Amino acid sequence: VLLGSGLTVLSQPLMYVKVLVQVGYEPLPPTLGRNIFGRQVYQLPGLFSYAKHIVKVDGRAGLFKGLAPRLCSSAIGTVVHSKVLQELPTPPWGQCPLCGGLLPPDSSFPLQPGTSKKEPVSSLEQVLKETSREMVARSAATLITHPFHVITLRCMVQFIGRETKYSGTLNAFATIYREEGILGFFAGLIPRLLGDILSLWLCNMLAYLINTYALENGVGSAPGSGVPSLLSQVSTMTEMKSYSQAVTGFFASMLTYPFVLVSNLMAVNNCGLAGGLLPYAPTYSSWLDCWSQLHREGNMSRGNSLFFRKVPAGKRYVWE
């Protein structure tokens, strides 16, 4: 929990800028710069220019708006995730085919008919069951902490209209309940859950395919002799599996980014803040309506990158 809280604090300015970009708020006009290929293009302000503008307006403390509810979300989510995993039966297998680590045995998990402890079930079935456990734990944590996520986003978006409507976590809870009822705490929940689940399954299945059909076959066919050589190959394969898990996780997050964008926009849409109304966003009837409008405008990846932000031709942005 402490480590997660520390990472949350460090990443807060990054998330703050990202959310404002996702909403479509551009406080600075485009400037002429060069892309990664050296060509001159008009670029929107990047992370550091954006952060400097926030510091200029609100001081350095302004970069940490919404930190309190986000810390609550992180801490509660970690506890819920851990508790749910403890309640779910643990597969009694040895090595994890995703990361190469060892899985603790648990006699409470039923063995397949016709199998014994010396004959573990297939790696694919292991991945499917382990991913299912993780999906349930993550979904439970997301469901319980989503109200804090909504408050975090709205505290950040207040920067656009200089509002103080959501000035504190408890006050924000009271405001949302008074104006929107219970459903207000779960604005944008469906696309967020869908994105998390799709990202998890994409990541784990891609990692399984790479580890099974690329890494293991490659290491298994490599020449070598003796126990030291075998141990070296096993160590190398375990390390490569951990890298493949990180790469597939990044790839999966890129593919499912539109769900993150739509979820965040729905969380602040039409909530009484300037950042959730025109000219930044129309009033969406549902998250599917938000998705379709972003798709028509070509804005499905808005906020995905905070560097080398080229101004697309024909696009309109709101800046001060």
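## A walk from the hairpin to the salt bridges

Start by selecting residues 31-34 and 40-44: these are strands β1 and β2, which pair in the antiparallel sense over 4 bridges. (Pairing here takes at least two DSSP bridges between the strands; strands are E runs of at least two residues and helices H or I runs of at least four, numbered from the N terminus.) You're looking at a predicted model, where local features need pLDDT of at least 70, side-chain atom pairs count only at pLDDT 80 or more, and totals for chains, interfaces and linings use all residues. Numbering runs from 1 along each chain as its sequence is written, and side-chain values use heavy atoms, with hydrogens and water left out.

Pick T31 and you'll find Q43 of β2 opposite. Then click on G38, in the hairpin with 5 residues between the strands, for a positive phi near 90°.

Next, the salt bridges (a Lys or Arg side-chain nitrogen within 4 Å of an Asp or Glu carboxyl oxygen): there are 7 in the structure. Show E26 and R309, whose side chains meet at 2.4 Å, N to O. E26 sits in the loop between α1 and β1 and R309 in strand β3, 283 residues apart. E26 is buried at 1% relative accessibility, where buried means under 20%, exposed over 50% and partly exposed in between, with a 1.4 Å probe and protein chains only. R309 is buried too, at 9%.

Now jump to helix α4, residues 123-161, where E130 and R133 lie 3 residues apart, about one turn. Their salt bridge spans 3.0 Å, N to O.

Last stop: E180 and R154, with closest N and O atoms 2.7 Å apart. E180 is partly exposed at 31%, while R154 is buried at 1%.
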